[in-house]
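Hi,

Here is the structure I said I would pass on to you. Have a look at it first, and then read my notes below.

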Amino acid sequence: MGTEVATVVALARGRVLLVTQPRGGVLALPGGGVQGGESAREAAARELAEETGIRVGAGTLADLGLALEGAGGVTLRPFAAFEVPRPSAPAELAARWTGLEALAGTPVAPGVARSVHAALALAGGAQAAPVELLEWWRGRAAAFPWRATRDPYAVLVCEVMSQQTQIERVRERWERWMERWPTAAALAAASPGEVLRAWQGLGYPRRARDLHACARRIASEGWPARLTDLPGVGPYTADAIRCFAFEEPVLPRDANVRRVLARRFPGGLAAGRADPWALGGALMDVGRAHCRARPRCERCPLAAGCMVPLAQPAWDPAARPRRQPAYRGSLRERRGALLRAALAGERPAPHADAQASASLVADGLLAVRDGVLVVPGLS
């Protein structure tokens with residue numbers, strides 16, 4: 001039969017209560033084995049008092065909902081205490097209140113990192129953006145040309161190009177695009193065929209179609225008060241324009257930013273007085289450089305205070321990215337082949353790939369004329 005161990009994550013003013021294990025010298029949460037006749041919650045309260053002299057009612061402890069399996073059939077059940085009284089006995093001297101940032105590189109017992117992370121998420125106290133993050137980002141702020149402008153059209157082009165495309169690939173294409181069509185009015189005057197031809201190589205041509213439709217809407221009616229009224233503009237792209245063009249206090253949450261928040265700021269991020277433009281850019285860059293799907297924690301400006309690099313065994317609170325279906329032989333590949341052929345003037349027959357042809361026509365990317373596929377507006 002397995003052993004059940006109950007522990008307490010005691011949080012107070014950004015610090016966590018840790019004790020040194022008698023063997024091994026690593027820091028652990030106050031806790032111990034559940035004895036006969038008591039619940040895990042009661043055991044957690046008893047062990048906290050015995051190890052630290054801090055007495056809390058068992059009913060005040062918050063269940064973190066974790067059952068962490070350890071070696072030898074041990075199950076660790078952590079609870080959290082957010083209103084921690086002063087110790088009532090000198091045994092507290094055997095304990096140590098440690099700032100979360102000071103834990104970086106400190107050996108901790110298995111389960112500590114996950115338990116502290118879960119307690120921070122439950123507490124819901126938003127953490128402020130560390131100064132180190134913005135200092136790290138200052139040296140990178142000019143890394144991409146669109147950061148030199150607050151033109152909402154230029155930001156829109158960047159954001160549409162960056163969807164499902166690596167940012168390094170976007171740089172050259174964005175510069176060429178902006179040189180050819182520097183304003184929404186200039187893009188609006190282009191034909192759909194010209195736009196699709198210029199988009200080749202970026203993939204997902206529906207993005208080009210929507211960007212062209214956006215330009216026509218903006219050129220004729222101006223920027224709408226609600227940016228999501230623009231064709232193909234969802235909440236993320238709207239927030240990105242508001243942040244990076246209009247410098248409004250919103251945080252665009254792309255996949256990179258969501259990973260950083262999930263791993264480093266489980267209780268939320270308090271932007272405080274931080275420049276929203278700089279904060280948004282800094283979080284995106286950390287996500288690209290360090291907080292990737294497979295994190296690269298070394299030299300990360302947010303490593304101090306992050307529980308992920310401390311976890312033993314390895315664990316990741318960020319949602320796993322969905323596995324992309326194979327490209328070869330997919331409908332996406334076949335659509336691309338048909339569209340390239342039409343853009344090259346080859347006039348492919350719809351029956352050559354009925355499914356791909358029908359989907360391209362439905363998206364408005366191709367039309368059937370005289371029994372062949374053509375690009376609308378392309379001479």
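Let me start with Met161, which is buried, with a relative accessible area of 1%. Please keep in mind that this is a predicted model. Met161 lies in helix α4, which covers residues 152–162. If we set aside its neighbours within four places in sequence, Met161 is in contact with Val170, Arg173, Trp174, Trp177, Trp199, Leu202 and Arg207. Take Leu202 from that list: Met161 and Leu202 are 41 residues apart in sequence, yet their C-alpha atoms are 7.3 Å apart in space.

Trp177 and Trp181 are both buried.

Trp177 also pairs with Trp199, and that pair is edge-to-face as well, with 5.7 Å from centre to centre and 85° between the planes. What does this pair tie together? Trp177 lies in helix α5 (residues 167–180) and Trp199 in helix α7 (residues 192–199), so the pair links parts that are 22 residues apart in sequence. Trp177 is buried at 3% relative accessible area, and Trp199 is buried at 2%.

Elsewhere, ring pairs link Phe144, Trp146 and Trp174 into a cluster.

The charged end of Arg150 sits over the ring of Trp277, 3.9 Å from the ring's centre. Likewise, the charged end of Arg264 sits over the ring of Phe265, at 4.9 Å from the centre.

On to the strands. Strand β1 spans residues 3–12 and is mostly covered, with eight of its 10 residues buried. Which strands does β1 pair with? Eight bridges join β1 to strand β7 (residues 74–81), and the two run parallel. Three bridges join β1 to strand β4 (residues 31–33), this time antiparallel.

In helix α9 (residues 235–244), the buried residues are Thr237, Ala238, Ala240, Ile241, Cys243 and Phe244. What covers them includes α4 and α11, and α4 is the helix that holds Met161.

The loop between α11 (276–289) and α12 (331–343) is worth a look as well, and Ala303 is placed there. Apart from neighbours within four places in sequence, Ala303 is in contact with Ala104 and Cys297. Ala303 and Gly70 are 233 residues apart in sequence, with 25 Å between their C-alpha atoms.

His290 is found in that loop between α11 and α12 too. Is His290 buried or exposed? His290 is buried, with a relative accessible area of 12%, and the cut-off for buried is under 20%. Not counting residues up to four places away in sequence, His290 touches Trp136, Asp285, Pro295, Arg296, Glu298, Arg299, Cys300 and Pro301.

The axes of α12 and helix α13 (residues 354–362) come within 9 Å and cross at roughly 75°. α12 and α13 are therefore roughly perpendicular to each other, a label that applies from 65 to 115 degrees. On the α12 side the contact is made by Leu331, Arg334, Arg335, Leu338 and Leu339, and on the α13 side by Gln355, Ala356, Ser357, Ser359 and Leu360.

That is what I have for now. Happy to talk it through.

Cheers

Key: Residues numbered from 1 in each chain as written. Predicted model: local features only at pLDDT ≥ 70, side-chain atom pairs only at ≥ 80, totals over all residues. Heavy atoms only, no water. Buried < 20%, exposed > 50% of the residue type's maximum accessible area, 1.4 Å probe, protein only. Helix = DSSP H or I, 4+ residues; strand = E, 2+ residues; numbered from the N terminus. Pairing = 2+ DSSP bridges. Contact = heavy atoms within 4.5 Å. Phe/Tyr/Trp six-rings, centres within 6.5 Å; stacked < 30°, edge-to-face > 60°. Lys NZ or Arg CZ within 6 Å of the ring centre and 35° of its normal. Axes fitted to C-alpha atoms, helices over the stretch in contact; angles between N-to-C directions. Parallel < 35°, antiparallel > 145°, perpendicular 65-115°, else oblique.
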